[in-house]
Amino acid sequence: MASYIAKRIGFLLLTFLIIISMCFVFIRLLPDDPPEQFGKDMQLVLQSRYRQGLADINGNPIPLLTQYGNFLKNTLLGFNWGISEKLYLGQDCLKIFLEKLPNTVLINVYASLLAIPLGLALGIYAALKKNRWQDHTISTGVMVLVSVPSYVYAFLIQYFLCFRLKLFPVVMEAGRDYFSPQMLRSMIPPVLSLSLSSIAGYARFTRGELTEVLTGEFLLLARAKGLSRGQTTLRHALRNAMVPIVPSIISEVIAVLSGSLIIESIFVVPGVGSLYVSAITALDYNFFLLLSAFYTVIGLTAGIVVDLSYGFIDPRIRIGAKNA
Amino acid sequence: MKRSIALILVLAALCAGCGKKEPAANQQETYTYNYALSTFPTNWNPNSYRTANDSEILDYISDSFYVFDYNEAGTGYVLQPGMAQGEPIDVTAEMAGQYGIKAGDTNRAYVIELREDLRWEDGTPITADDFVESAKRLLDPKAQNYRADNFYGGSVVIHNAENYLKQGQEGYPALAWEGNVGWFARSKYELCFVLEHPLSGFYLKYNLPAHLVHIPTYDACAKMDNGIYTNSYGTSVATTKSFGPYKLTAFQADKQYTLTRNEEYYDLADNTYQTTAIVVDFVKEASTRLQLFRQGKLDTYALTVDDTDAYGLSDFAYYHTGDSTFGMTFNPNFEALKSAQERAGNGINKTILTIPEFRIAMCYGLDRSAFCLAASPLNTPGFGLFSESIIADPDNRTPYRETPGAKQVLAAVWGLTDQIGEGKLYKDLDQAVSSISGYDLTRAKEMFDIAYDKAVEQGLMRETDRVEIKIGTPNSTSAFYNNGYEFIVNNYTRAVQGTKLEGKLTFTRDDTLGNAYSGALKKNQVDMLFGVGWTGSALDPYELMEAYISPNYQYDSSNDYSKVAVTVSVSGETYTAPATDWLAIMNGQSRKVTAADGSTKSYAAAGQADRLAILSALEGAVLGNYNFIPIMDDGEGHLRGRQIKYRTEDYIYPLGYGGVKYFRYAYTDAQWNEFVAKSGGMLDYT
Amino acid sequence: MREINEIPAEKFRFVTPKPQQEQNLPGKHIGYFREAFGRFRKNKSSVVAGVIILCLVAYAVFVPIFCQTSYSVALTDTTYLQYTKLKPRNKLFVNWGFWDGCSVKTISRGNYLYLQGIAQETGQPVIKKVLKETTDTDGNLQYKCRVDSYLAKGFVHMTLSRAEYEKIQAWEKANDLQVIYPAVEGQSDANIWYKANRKGIPQLDSQGNYVNQYAVDETGNFRYAMVTGDGSSYRCRVFLYNYFQYRYGFEPSFLLGTTGQGQDILTRLASAARFSLVFALCVSAINLLIGAVYGAIEGYYGGTADLLMERITDILSRVPFLVVATLFQLHLAAKVGPIVSLLFAFVLTGWLGIANITRMQFYRYKDREFVQAARVLGAGNGRIMFRHIFPNALGTIITGSVLVIPGVIFLESSLTYLGIVNLDSSTMTSVGTMLANGRQYLSTDPHIILFPALFISLLEISFNLFGNGLRDAFNPSLRGADQ
């Protein structure tokens with residue numbers, strides 16, 4: 001088990017290194033012309049290149065390989081992602097990033113907290129009522145929610161619920177008081193917009209897995225033993241269906257972190273998603289690298305967690321048991 | 001009040017938006033001014049801030065030696081002492097022999113007596129020494145601050161400031177501050193400064209930099225890491241200290257900041273600064289801002305292209321002409337165009353841009369009023385370098401465009417000089433100037449034909465070649481640049497119909513340039529830019545002229561104005577000199593000029609009339625080059641919410657409608673919330 | 001041992017005198033695909049989805065061909081005329097109270113008078129009907145009325161060359177419609193021909209009539225053209241509705257209205273749809289090609305090759321798509337254009353899914369008896385892979401490819417919405433861009449965002465249903481597992 005995890009983490013680090021190196025090289029291959037500073041001395045421009053680690057103090061360019069070495073040293077060993085040259089002039093990228101992270105995390109955690117129980121419940125209900133009108137209604141709703149882009153219902157939620165009906169604030173509340181009632185209320189529209197498609201996704205998956213399990217022969221046996229339909233479903237079917245469902249939930253929860261770019265900009269959530277978009281528009285490369293690393297880490301972690309979770313949920317799967 | 005020339009993009013105009021109305025914590029009445037920005041300040045360190053957004057905070061937390069206020073009748077402005085007590089005192093005579101002042105010099109050394117009640121937000125008094133220490137940090141050679149040129153660029157050039165900043169660089173020996181740099185304290189409340197070039201009167205007070213940082217905070221924020229100097233002053237509440245009317249009390253990046261009234265400020269009175277707090281939100285989408293405005297959560301809202309239908313005639317709508325002129329500019333550098341066209345492939349031509357007739361055709365072929373309608377309807381077509389709100393004579397508040405010289409320039413540039421007089425097309429100059437629409441398709445088509453013939457004749461272009469002009473824009477999300485680009489493509493495709501260039505004039509676009517896109521022309525990345533211009537010196541067009549003529553500022557530096565001879569009639573004589581020399585003369589220096597009979601002499605502008613004459617001549621020279629072609633003068637419109645009232649209904653530059661200083665409130669915050677709730681939570685402003 | 005090189009044919013003889021007749025199976029032979037199709041046909045929702053997809057494809061293909069009016073072709077003019085935000089209008093419904101290009105608006109009295117000014121000058125019903133008079137927050141009079149968006153645009157100032165001016169005059173005579181109206185001096189708003197206050201609100205005289213401010217020449221006649229420049233051009237007040245007819249030869253009427261930039265939504269959405277569909281198909285096809293070959297090699301050879309190739313896909317699959325798209329956009333967009341660079345971005349990681357499906361299928365089939373038989377008979381690796389195994393895996397792989405399409409359209413619309421990719425120009429656009437551009441009109445002109453939103457939702461739903469139907473048809477054991 002331990003050696004398997006170590007192996008996986010080793011591979012994760014390797015993958016991360018490869019991806020982030022690719023990003024770095026691609027970014028640094030872009031023309032690194034310093035922005036023209038109208039009416040300013042050349043010295044200023046050189047300073048900007050120097051601060052970005054592109055040139056030494058005298059303005060001589062540093063070779064790409066040395067830049068890469070410095071980058072690895074600073075980021076991986078020193079956890080120093082450099083300073084922003086465009087968006088937040090002269091400020092530490094990591095500090096700004098960490099300042100914004102809680103918003104994104106909270107929105108997504110709330111969205112998952114809302115989506116998982118609702119999605120599972122709907123899925124189970126639909127599976128139990130398979131091919132009856134309840135099932136058809138849920139399936140149709142699910143199909144619509146999965147297919148309509150989430151920002152389209154974000155528009156509708158903002159316009160109708162927030163502006164017309166005034167149920168919630170039009171944009172998210174400011175401040176860092178994340179658990180005040182006003183803040184929570186103002187988070188409802190983005191959370192709702194984010195979770196609608198997740199709810200549909202969970203419902204669809206749960207229904208699918210459960211219907212498949214429900215046709216299993218062991219259930220017939222359970223029924224033959226004299227268990228009621230409810231008992232068989234809850235004790236036997238659901239447990240088996242959970243084997244694929246739980247990992248999918250974990251990966252969804254983690255993956256959703258990277259999916260809220262548009263929602264963040266619509267409801268003015270000062271999170272990392274909108275930061276990524278502005279970093280691209282402003283061509284702020286240090287931010288771009290940091291955020292790329294962030295999204296990569298999320299993806300990689302999700303993969304590992306899912307793999308490991310199989311072993312905990314399903315006793316039939318033994319991780320790394322080959323040598324034992 | 002240093003007004004440095006700032007590059008302006010038509011990216012995002014100032015936008016008004018929202019904020020929440022906090023219920024009053026105590027029983028005191030609160031008046032909150034809420035608005036929203038579409039781009040947010042990130043760095044308001046007075047030494048290194050970059051953009052107009054950053055000065056959004058700086059304006060509230062800092063102050064100037066001389067400030068604008070209403071005249072007694074409330075119909076215009078006066079420039080009166082702010083942090084200073086009284087006018088600057090000329091001490092040039094006393095200082096002779098020091099700081100490079102020679103006996104007989106005038107208007108070079110001044111003393112400013114500071115108010116004795118100046119205090120930081122925490123109550124610490126401010127003395128002359130603080131200004132000196134702040135200047136030292138601004139000009140710190142190891143910091144290389146972005147705003148260091150406030151002390152040596154433009155018309156106010158502090159003696160030795162540049163040498164101090166650049167010490168250690170090639171050709172600049174080490175230099176001590178004391179005794180060398182012309183910025184020092186004579187006593188606790190007397191600040192003395194020495195200028196390199198003589199300056200006096202309005203322009204001295206207007207352009208004088210009031211530069212102040214809170215020294216302990218600033219020094220604590222400084223960091224030297226790996227030889228890289230950074231300073232985090234002015235990036236958060238803790239690193240910000242105010243000496244202006246408001247102080248920063250909350251800041252959340254890309255979300256919201258709050259400024260509250262600085263009770264230590266010297267100028268608080270019963271009838272000013274009624275606003276107790278200013279809450280500024282970040283809301284990118286105009287439609288969201290409008291929703292918030294209509295819910296009463298903001299007090300002003302900047303009108304966009306799409307609101308004019310619904311709110312154009314509203315009682316709450318305010319319009320005014322801005323002080324910048326936007327234009328298009330080309331790359332006339334033959335070598336760069338040639339290599340670009342080779343890169344672009346066979347059969348592509350770009351060098352036709354070097355032919356003046358082609359640029360003239362581009363100028364006459366653009367339907368400016370339609371362009372404004374399509375890209376930015378609040379703007380108005382522009383025909384000169386300076387819009388109507390640029391003031392040539394600040395003491396009498398005379399707009400530059402209304403001077404005869406400026407009108408003659410326009411008539412001459414647009415080819416109307418011969419059409420004026422009895423029995424001709426226009427009976428007088430005024431009629432001719434007001435008839436200009438900048439659009440003359442017949443003329444443009446002629447010019448396109450001539451340009452094409454010339455290009456073929458000079459071997460620049462083969463008959464089968466296609467002209468391809470690459471236009472640079474900052475991004476692909478700004479409506480102005482998207483609509484403007486589409487319009488330009490369509491407009492010229494139509495304009496060349498029936499000429500020899502029909503079907504041969506095409507455009508491509510590079511929209512990945514980011515905010516630094518205006519530098520792309522200099523770097524030969526693109527062939528053309530549009531929607532570029534300058535702002536910042538509406539009361540000093542003489543300094544603003546530098547933006548068009550000095551290679552430091554020009555969009556395209558291959559256009560060498562030191563080789564463009566300009567003839568000006570000053571004080572009854574006619575002299576010729578390069579444009580760059582005239583620029584220096586206009587800004588108080590002396591240069592050699594050639595008289596009509598060939599004799600040369602050293603000349604310095606004598607007075608306002610001379611400067612004005614030079615300014616008009618230079619404007620004519622820039623426009624006659626057809627490399628910076630004006631398209632439109634900017635205009636702004638916004639809605640005012642019912643909670644606030646302005647001091648004036650008319651826009652008076654530079655006071656606007658009175659600003660936060662003169663806001664009066666129709667409702668306290670509590671009453672306002674009640675009023676909004678009573679109106680069903682949704683207010684009508686149509 | 002004696003070697004037998006050749007056994008003479010006459011040495012052989014049949015066991016039974018007559019070779020046994022192969023017995024035909026009773027009933028009709030049904031092939032794999034045929035059977036799948038039969039199953040697919042029974043799934044009603046998928047068939048309906050298929051039909052809807054066909055309709056949407058037909059819309060995307062045929063509308064730009066058949067509905068090409070000179071207006072939609074001359075895209076030049078869309079931004080030129082500023083005929084923006086027009087409501088959907090069908091000439092047949094003009095008097096029916098809906099689909100007539102009108103909208104219900106609540107306007108202030110000043111606005112009402114302003115619109116009536118246009119109506120009075122042109123004689124056209126700009127305000128079709130006043131529904132209700134109300135008061136606003138401050139107690140001022142307001143009108144709730146139906147406003148014709150086509151006429152409310154009113155006038156614009158135009159600088160016309162002499163030749164064009166004369167051409168319009170001739171057209172006016174021939175068609176008995178007025179395009180150019182008398183000029184007004186010193187007024188930047190072309191709709192104002194009367195005495196108005198600074199903001200443009202009409203100032204009526206004591207009888208409640210408009211006071212005209214037309215420019216007159218020496219003889220007291222109205223001036224229709226103001227000379228500009230060196231005298232070769234005129235500045236005129238032009239009534240847009242009639243000018244449109246002069247320019248294009250038909251009355252303006254847009255079935256789905258126009259966008260905020262004045263583009264016809266019907267044709268613009270069709271070209272956006274065409275782009276989205278073609279793009280998604282291309283991505284899907286390229287992914288299929290790369291993924292199938294890669295997956296086949298992995299699955300067929302297994303072992304070390306598989307292990308190495310799997311590691312490559314492992315790494316690739318962890319690269320965030322957003323990062324890839326951005327990098328490609330920064331690097332390639334300026335060189336090969338945004339579409340190609342976006343295509344690369346989609347392909348870079350897009351084929352992984354198909355490769356995985358193919359690999360699984362190959363593992364499943366490669367040790368089956370028919371494969372062994374082929375190998376015994378001497379078939380080469382390539383032949384076994386593509387002649388024997390691949391057809392068996394085809395159904396699953398095709399289903400995978402079809403299900404890629406909605407995902408591509410979805411992602412592409414998100415990227416264009418965010419502005420990371422710009423696909424908008426006068427000649428093309430994408431549905432995502434139309435949604436992004438239409439968003440600001442949600443409250444005032446919802447039709448601008450409604451049609452693209454409807455289109456993309458329908459397309460996504462149909463493709464998902466269609467893909468699910470295909471999967472069930474090809475793989476009946478999964479039936480209904482995941483609808």
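Two strands pair if DSSP finds at least two bridges between them. Helices (H or I, at least four residues) and strands (E, at least two) are themselves DSSP runs, numbered from the N terminus. With that in hand, let us walk through the model, which is a predicted one: local features need pLDDT of at least 70, side-chain atom pairs count only at pLDDT 80 or more, and totals for chains, interfaces and linings use all residues. Residues are numbered from 1 along each chain as its sequence is written, while chains are lettered from A and ligands numbered from 1 in the order in which they are written.

Strand 6 (residues 109-113) of chain B pairs with strand 8 (residues 190-194) of chain B in the antiparallel sense, over five bridges. Here Ile112(B) stands opposite Leu191(B) of strand 8. Strand 6 of chain B also pairs with strand 5 (residues 89-90) of chain B, again antiparallel, over two bridges. You can find Asp90(B) bridged to Tyr110(B), and Ile89(B) opposite Val111(B).

Now widen the view. These strands belong to an open sheet of four strands in chain B, with order 5-6-8-7 and antiparallel pairing. Its edges are strand 5 and strand 7 (183-187) of chain B, each of which pairs on one side only. Helix 3 (residues 128-138) of chain B packs on this sheet and touches strand 7 and strand 8 of chain B; contact here means C-beta atoms, placed from the backbone, within 7 Å. The direction of helix 3 makes about 165 degrees with that of strand 7 of chain B, where axes are lines fitted to C-alpha atoms, for helices over the stretch in contact, and angles run from 0 to 180 degrees between N-to-C directions.

What does chain B look like as a whole? Its secondary structure comes to 21 helices and 29 strands, and its C-alpha atoms fill a box of roughly 80 × 75 × 65 Å along the principal axes. Of its 686 residues, 54% are buried, that is, with 20 or more other C-beta atoms within 10 Å of their own, these atoms being placed from the backbone. Among contacts in chain B between residues at least 6 apart in sequence, 67% join residues at least 24 apart.

How values were computed: Buried ≥ 20, exposed ≤ 12 C-beta atoms within 10 Å, placed from the backbone. Contact = placed C-beta atoms within 7 Å.
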